[in-house]
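These are my notebook entries on a structure that I consulted. I record what I looked up and what I found.

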Amino acid sequence: MAVGELSNYVTLSAVLFFLGVAGVILRRNPLVMLMGVELMLNASNLALVAFSRAWGSMVGHIFAFLVITVAAAEAAIGLAIIVVVFHRSARVDVDDVTILKG
Amino acid sequence: MLHHAVGISAHYPLLLATWLLPLAGALLLWSTGPRIQAKGAVLGTTVLGAAFVTALLSIPDALRAADGYVGAQQPLVTWLPGMSLGLLLDPLSLLWTLVITGVGFLIHVYSIGYLAGDRAIARFFAYLNFFVFAMLTLVLSDNFLGLLVGWGLVGLASYFLIGFWFEKPSAVAASRKAFVINVAGDVGIMLAIFILFAQLGTLSYGGVFAHVAQLSPSTLLAVCLFLFVGCAAKSAQVPLHTWLPDAMEGPTPVSALIHAATMVTAGVYLIARCHPLWDASPDARAFVGVVGAITALVGAILGLGQWDIKRILAYSTMSQIGYMIMGVGVGAYQAGVLHFFAHAFFKAQLFLGAGIIIHALGDEQDIRRMGGLARKMPFALLAMLTGTLAICGIFPFSGFFSKDAILYGVLEHGHPYLYFIGVLTAAITAYYMFRMLFVVFAGQARTPASVGEHAGHAHHAPAWLMQLPVALLIVPTIGIGWLAIGGEQSPWARFFEPIFGASLQPLARLGMSEATSSLVVTSVVLLGIATAFFVYATPQALRNAPERLQREGQRMPGMLTHAFYFDDALDGLFVQPTRALGRFCAATVERDVLDGGVHDITVGARWLGHFFRSFQTGFVRAYALVLALGVAAFAAYYVLVGVTR
Amino acid sequence: MITAAALQHAITAADWEALRPIIWIAGGALAVLLFDLCLPRGAHRISSVLLGVTSLVWAGGFLVRNYHTPYAAFGGAFLSDGFSVVFQGAIVLATLLSLLFVYTFEERISSAGAVALLLWAASGAMLMTGAGNLLILFLGLELLSLALYALCGMASRRAAREAALKYLLLSSMASAVMLYGMVLLFGVTGSVNFSAFLAPPPGNPLYLVALGLFYVGVAFKLGLVPFHIWMPDVFEGAPLPVTAFMSVATKAGMLAVLARIIYVATPAGLANKVLLPIWVVAALSMIIGNLAALSQSNLKRLLAYSGIGQIGYIVAAFAGATALGLRYALFYLLAYLFMTLGAFAVIAALSDQADEGARLVSYAGLAHRRPMLAAAMSFFLIGLAGLPPTVGFMGKLLLLSSVLNAGYISLAVLLIVGTAISIYAYAKIIRVMYAPMRHEVVAGAMSATWPLPWIAIAICSVAVLGLGLYPLVPSAVLPLVK
Amino acid sequence: MITALILGPILGGLLLFALPRTADAAARACGVVLALAALVVTLTGSTLPDESIAWLQRPFIANYHVGLGQGLGFWLVALLNLCTMCAIAVIKVPRVRDFTALMLLLEGSMAGVFLARDLLVFALFWDLMLLPVFLVLIGWCGHATAAWKYLIYNVLGGLTLLLATAAFGIAAGTTDVIGHGPIPVLTPTWAAWIFAGFAFAFLVKTPVWPFHGWMPETYVELPAPMVALVSGIQSKAGLYGFLVIAWVLFAEQMHAMVPVFGSLAVIGLVYGGCMALVQSDIKRVVAYSSLSHLGLILLAIMSGQPLALQGAIVYMLAHGLFNVALFLGLGFVEVREGTRVLSRLGGLGVSNPRLAGALIFAALAALGLPGLGGFSGELLILTGLYQAGDYWQTIVALLVIIVAAAYMLRLFQGTMQGPVSDDLPQRPDLSAVEVLALIPLAAMIVLLGVNPSVLSSGVEPSNAVIHALPLQKERA
Amino acid sequence: MLFWFLAVALIASAVAVVTAAKPVYSVIALLAHFVTLAVVYVSLSAEFLAVTQILVYSGAILILFLFVIALLSSGVDSFEVGPDRLPKLPMPALFALVITLVAIVFSAAHAFAHVLPVITPTSQLAVGSAAAFGSVATFGAMLFTSQLLPFEITALILMVAVIGVVVLAGDHATLTPPDHERLRAIRRREREAILREGEAS
């Protein structure tokens, strides 16, 4: 298993992270936005694992594990809110949701 | 607290009584006026009578020369080391006090009759008493500060009295004009006070006159001129005289007391009181002399063009005061004061006589609608005739002695041109006074029928109330002149010796003696009377009097009707520019700069508020974008910091 | 490899004692849920509120004890020093007052659930204040956020559900960015403890970028200007007690983190360069927060914008990392807490089942209908504006002097300009309340305003006046460096 | 006892709310009693020791230090209590109880400003003064533009004062400096900025020419009793600040700024005079006239000449008295006629002689009639100015006195004299209470006019001011 | 070489998630993404995480997503999305993303050049043995000794999530919209009348 340079891993996680951000900003479907957030969290997990491998300390793994549990909780509540907001509307589109403004 | 404040120590109870009685009367009448109505008049008159009596009783105090100083001293209250108020009674102020309280008392009696039936008579007498108090403050003060206080209060009293019938808009405007010009005079005196206090550190007459030598000629001239500004305003000298004719809006007794006898002569008193200052600066004297002469001439000329009987007398007052100022100005103090003394009586008599005529004709003041009153009102004819003879300076009357004394004094003190103007003015005075006499008394009655008989029974007040004071006035009109006969030894000269003794002596022996100059003046006056007779009193002139007077009315030259445009000049030079500046400030500075500025700030703040609120579009993705931009900014900044460090 | 020593750190009783306040609150939340099950339907509300309040008060008691025994629990993971205890006290106080508004929830909403979630959110915030390393900080932040996502949605109004959605998406994105910053920090320094950040590897740009991303997360939760974008909408949408809680407790938690970073984890040499964006952002929020508040017609949205401004003032107090600045920032935080929650209490007292009393139009001529309420509201607004008799004046003065003392003159001037704008904004409300009505509106029957908001108003006004006259400034607050 | 002067009215005002909403007469009576009590305490309290309680230690030493003393502060507080008593007695507005409470709050806060011996206490009460006026402006006046304008100017003034106080505390270590103790030396840059803060606040409060934007609307919109207090006494707070704080603590900066403020004062003098001449609203005439009078006082303060300073103090008191009398009088006119437009007024003197008497008395005092308070103050000021060598300023001031006579009489005659305009309802003359309210003011005006030195026993502003000022200004 | 392959797979699947037309496709792409991640974790000797990734993430969360997709698109038509109301959004978004990405990549390149240890190949031990670096044993020991506090808090977080979902989703059944709405509308109209007066002043 060829081990690439640490900076490659960081670059990879950065790219994934910003794909996630792009997903959140550009897509209008709330589910995909949540998936974007999942992407961002996984990107940071990747970086965490790479760093803990580089520094040889398991704290990174613990952190990654915590991030996974938090991501799960967040997904749960996120989906619940999305269901509550959109369960009776025809279109599932974040841009319809603009009562609060000004 | 009050005792400490006023610090009265009763050295001279009589002096204090004379001074404070009128004030007490005024306050009493003010507060209880509406209730006691008619009785208020009697109260006011008795108060004045008491003041006159105490003034008479305090004559010995005034003449007693104690510790090198003539008269009675009464310190009152000190503001600062240099500034304190006190009373001083010496021959000069005694003379004025006697005139004020004496003539004042007579006019009070006269006013009971004149204003009988007026609803606000009590208020009128309150104002009259207040006026006497103010005039006494002015005259009795022992320093410039008290003088200034008196000056202002007298201006206020004249404002009240001119504007007594304040329903009449013309009376309201006249009173305001009189007061504002008076304040202009006050300002002049204040400036003189500042100079004196800055230079000498004290304002009392004694202190100032003792250190006159310390003052440089230029400051001395400045002080004299600024004091003269005060005099010009009060005594209606040329530039600041425009308020006097309008002041005739007030009731006739007011004109008699204030605008003939007392207030307008305050300027004369000031110059007489400050004679050491004037002695020390010759060009100030020259200036004052010239202004006095010009005023006399202008007053006389304007007197020609008037049809209202009171305005004629007003302009004659202005011209006579011009004489006094000229006399006192050039240094002939005793002559000037004598003319004041005489003028006070005969002018009061003329005004009261005119009052009787006006009262009889139901407030008719235009001489063109009078005429032929000789038969109907013999007493008025007597009063007016004696007054006119006195004012023209015919032999037995006081005017002859005082006017000639002034003219001769002017000649003695080396002012030949002023002498010539004085003589010319005497002639014009004779002309317009007799013009008034002939138009009013000679010929047929021109008063419209309705007015005639209505006047007859209007008298509910007894006729003698108005006629007695006039009769009493005739005596001094004739008698005063005799006091001055006898040159240096005359009772008048000896009376004023302690005051004016040290003042400068006449310059050079003159070509002509006093007798010849009085001959010249008398002949010129007779010439004036003759011309007036030919113009107005010849039989055929009397026959077609109405049309002729009408024609004369149209042909009156513009200069005369507009009184040499002084009024418009004053208005144009001072009043309009201030108002224009005010409107300019209101329009541009206030509305555009200040309000505009604040308005822009608030609008700008609100617009900025809206601008920042506009970011809240409500779209979640827009918010996410803003977050992303924020992240980008932070990241960019930190990378740059990281690299450059 | 990790050294054995790290493993051997024995967990002693002292560690759990440091956490006792948080444990009591979380436990209290559980008790609320349990009681909710067994009590009859009618007594739900009062029971859950009372239970919540008792657990908070009890936790407060423990906090006071912890104040005197600073201790770094769990090997530096949780530092319960004077500094974090004061912040925890503020959070407990804020939660206590927010609980008093629970009656503004609609009948349908299960108040027990709401109270429990509020308590858990409070415990999350308290965790953040004591966080010694990135793990606890991240978990505290997420616990707080998750509870708030749920709380925001708890109203049948569509606006509430929309607020929850918006808050969820934006906050999770910001947390992800902050997480990524933490990860990079861990990557660069090899350890998750704040103390390790004091000596960063020299010449390492990634460390600075990591700090940048971390500060983004902090700024988002504090609502500093470029990242304040979510706050007005969520504050307006969320139900009243949640808005009240969020406007004070969340900010207090994140302020603790920011203070911790500034006073403990910022290397001296880099300090002013690294922290400059924070001061810039604070200055911006002082000005823009107040400007935007000028033309608001909804009171909750206005209090959101004013909150942005006030937090700008507090962050400005940290400028220069002076001990004085920290002390007066804490004092102003307490002042801000009482004033804002007082204002929310008045809104709570006015709102009833149908709608919340947040619309400005419902305050027209309030002074004639309900003089006491109008007087209380104007007193709090005057406090927020910083006018004399209130703690706002004293707080602002102390802030000004500490900022001037630290030498940041420009911040002081901006603080004054911000205050001037805010006074204009608050005065508009006072005018609406006190403007003479064309006809005297008969004082409407006092709608069943439950006693609780009135208690909150009383507490807040006494505090605002009392502290204003004699400022009780906490002393032992310098953060513990482990 | 001195704190009672401050807290007494404020707490009394709060207690008024115990009265029922419609108890107008009772509220007025309580207000008058409170103000009278404060007046008695002040007059008998000139020898009371200062009260000082420790307040702040940390950033700088600040104590709650208040003291009455003999000088300017004593007279201003006496004036304040007297005028409040008279003003409250004649309140005729809707909701009298709340209005009286706000008047008492204003009185308490102004007493606080004059009694403060610590800059922080001074700043606290300075900002508190802003509150009651704003509340009245929005609660009792129709449109709110006056309220906003008042707020903008005075808030900025108050906040710059707060900033300056904080900066002073930091720079000097303590703010307990007004009127006692050593004068702290500040670094020039700090001192300049702190002075700028203080000066701006003072300039706004006494409206000095360019900063007076708020003054006309506020004076016109406020009901008469409140505007009497604001124009009569609150304007003195700014001048008091100049005299007691600026001259003492920032003598050099003050010297540097004397030509600037002097010229502003002169502009204000002329500007106020001319504006008053052309106003159509009676209250605006008095508003601009007070701008002109305050310009004169400021000019005297700027000259720094001891005589001018004493004149300034006398004139401050006189201006306070006659301004209050004028505004109360105009308030009576407005209540009787319902309008403030000069052209529609007229002829009220016939049916209301007592009101006419009161108004003419106040107008004469305002235009500086010799024998009344206004004149003695003016005379002392101008003599001092002349001695200090400011010839041109003296002459301009004298010319403005003439203009003052014109606009004051125009005001009086416009309302009281002239033909009776029948469309205006004829209302009864002043009631006994109203006359009683004006008498003490008139008495004090006459007392000041006859003998201004009655103040001089305690009138020197404070010895600190004297020895800080250049006794003889070297004329370049 | 393996790294490059995995990297390409990760990025492809991420792009697929973002750009998929229908949500179901993006869920599948996400699944692929997670599996590839697991492989990377194994390559970095983080076995426990790899397993957790597969079990928790792909197993639980994605299934949850599928349920919600099914629930929301219960209507006949598929997932439609409204018209794009923020057309001007992408450009600045991309601009911001690029800047931050460049910043991070640039500083990453510099950061580890000299300071950090390069990843060294793992010891020869077999995958799964207790003594190896990323083994589950050390992970467990650490989780329950030094890092016990985070573990407890995760428990709390999960409970909060569950309670939140229950309260949020709530038993809408009891909600009888019609009469509720009507009552509130009447109340509000009456209050509006009073307040409009206030608004007008």
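**Entry 1: the model.** I noted that this is a predicted model, in which local features need pLDDT of at least 70, side-chain atom pairs count only at pLDDT 80 or more, and totals for chains, interfaces and linings use all residues. Residues are numbered from 1 along each chain as its sequence is written, while chains are lettered from A and ligands numbered from 1 in the order in which they are written.

**Entry 2: chain E.** I found 7 helices and 0 strands in chain E; helices (H or I, at least four residues) and strands (E, at least two) are DSSP runs, numbered from the N terminus. The order of elements in chain E, from the N terminus on, is α-α-α-α-α-α-α. Of the 201 residues in chain E, 30% are buried. A residue is buried if 20 or more other C-beta atoms lie within 10 Å of its own, exposed if 12 or fewer, and partly exposed in between, with C-beta atoms placed from the backbone.

**Entry 3: chains A and E.** I looked up the contacts here and found 63 residues of chain A in contact with 71 residues of chain E. Two residues are in contact if their C-beta atoms, placed from the backbone, lie within 7 Å. On the side of chain A that touches chain E, α1 (6-26), α2 (30-55) and α3 (59-86) of chain A each supply at least two residues. The most comes from α3(A), with 20 residues.

**Entry 4: chains E and B.** I found 13 residues of chain E in contact with 12 residues of chain B.

**Entry 5: helix α7 of chain B.** I noted that α7(B), residues 169-200, has 32 residues and reaches 46 Å from its first C-alpha to its last, close to the 46 Å expected; the expected span is 1.5 Å times one less than the number of residues. Because 25 of its 32 residues are buried, α7(B) is largely enclosed by the rest of the structure. G201(B) follows α7(B) and has a positive phi, near 80°.

**Entry 6: two helices of chain C.** I looked up α17(C) (residues 391-406) and α18(C) (residues 409-434), which pack at an angle of about 155° with their axes 8 Å apart. Axes are lines fitted to C-alpha atoms, for helices over the stretch in contact, and angles run from 0 to 180 degrees between N-to-C directions. That angle makes α17(C) roughly antiparallel to α18(C) (under 35 degrees counts as roughly parallel, over 145 as roughly antiparallel, 65 to 115 as roughly perpendicular and the rest as oblique).
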